[in-house]
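Visitor: Could you take me through the aromatic rings of this model and what surrounds them?

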Amino acid sequence: GVMVMRTFFLCALLVISAVASESGRLAYKASKYLNEGKFALAYSSYEASLLASRKESNLLAEARILLSMAQIRIYSLDLDFADSLLVQVRTDVLDSNTKLALLQARVSLENTRENFSKALELSASASEELLKKAPETLLASFYSEKAYALAAEGMLDQAEQALEMVRKQLSKKDGRYILAKAKVADISKSANADSLYVEAEKISIEENRIYRTASILYSRALLAERLGKSDMAKDFRKRSAHAFELMGLPKPQKRSLGEK
């Protein structure tokens, strides 16, 4: 099956703006851990932040923290758990950015489950108004997920249009855009997929994005297997698993090693 990877940390966007509050301080700390690839520490900080937001009766902060926690669960391949967190988000209190972040998380979850038609249906429900005001990183993330679902459903022209929207938000040289391009090329079995992965991997290593690098290595392993390059695939799997292990992500580590 097609493995779709998460390439954008929304959590930076979702850090509670009122850093002065206890929940805000804890969420800020969590996002720093996340950027350092310390997933377990980030998650426990978000859990503490969630409790604090409930004490403060700050429903918007609570929603954003639940979203951040769900994102980590998606990266960790704990998909039912991620779902159970997203269900707790009170939609009536959300501002437009958090509404789009919730929708993006849902699309991302369905893509990871390989429910591409459901992912497509969800992404099509984003209103013009919602997309108009959103920050670049969130838009890029949303359109990347949309592109993956479109490509998986064989709608390649539309997938290219969605990719063009990713490029508009970032730039041609942004590693996240190159990775989105690689993923779409991979899903559509295009010959340039691996060379795009190589380029994205190089940038990811330079930027010290451990999660992204590990995910790229896993995708390159699957691609190498499809092309009958088994030694190369084994090497990519091993390196990918090692990186996931260092991040404290046992499920992605097992997946990289081909274990259930």
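Guide: Ring pairs link Phe39, Tyr75, Tyr211 and Phe244 into a cluster. The model is predicted, with local features requiring pLDDT of at least 70 and side-chain atom pairs pLDDT 80 or more, while totals for chains, interfaces and linings use all residues. Residues are numbered from 1 along each chain as its sequence is written, and side-chain values use heavy atoms, leaving out hydrogens and water.

Visitor: How many aromatic pairs does the structure hold?

Guide: Rings of Phe, Tyr and Trp (its six-membered ring) pair if their centres lie within 6.5 Å, with planes under 30 degrees apart counting as stacked, over 60 as edge-to-face and the rest as tilted. By that criterion, the number of aromatic pairs in the structure is five.

Visitor: Why is the pair of Phe39 and Tyr75 edge-to-face, and which helices does this pair tie together?

Guide: The ring centres of Phe39 and Tyr75 are 6.1 Å apart and their planes stand at 80 degrees, so the pair is edge-to-face. Because the two residues are 36 apart in sequence, the pair ties together separate parts, namely helix α3 (residues 39-55), which holds Phe39, and, for Tyr75, helix α4 (residues 59-75); helices here are DSSP runs (H or I, at least four residues), numbered from the N terminus.

Visitor: Is Tyr75 buried or exposed?

Guide: Buried means under 20% relative accessible area, exposed over 50%, and partly exposed in between (1.4 Å probe, protein chains only). Phe39 has a relative accessible area of 2% and is buried. With a relative accessibility of 1%, Tyr75 likewise counts as buried.
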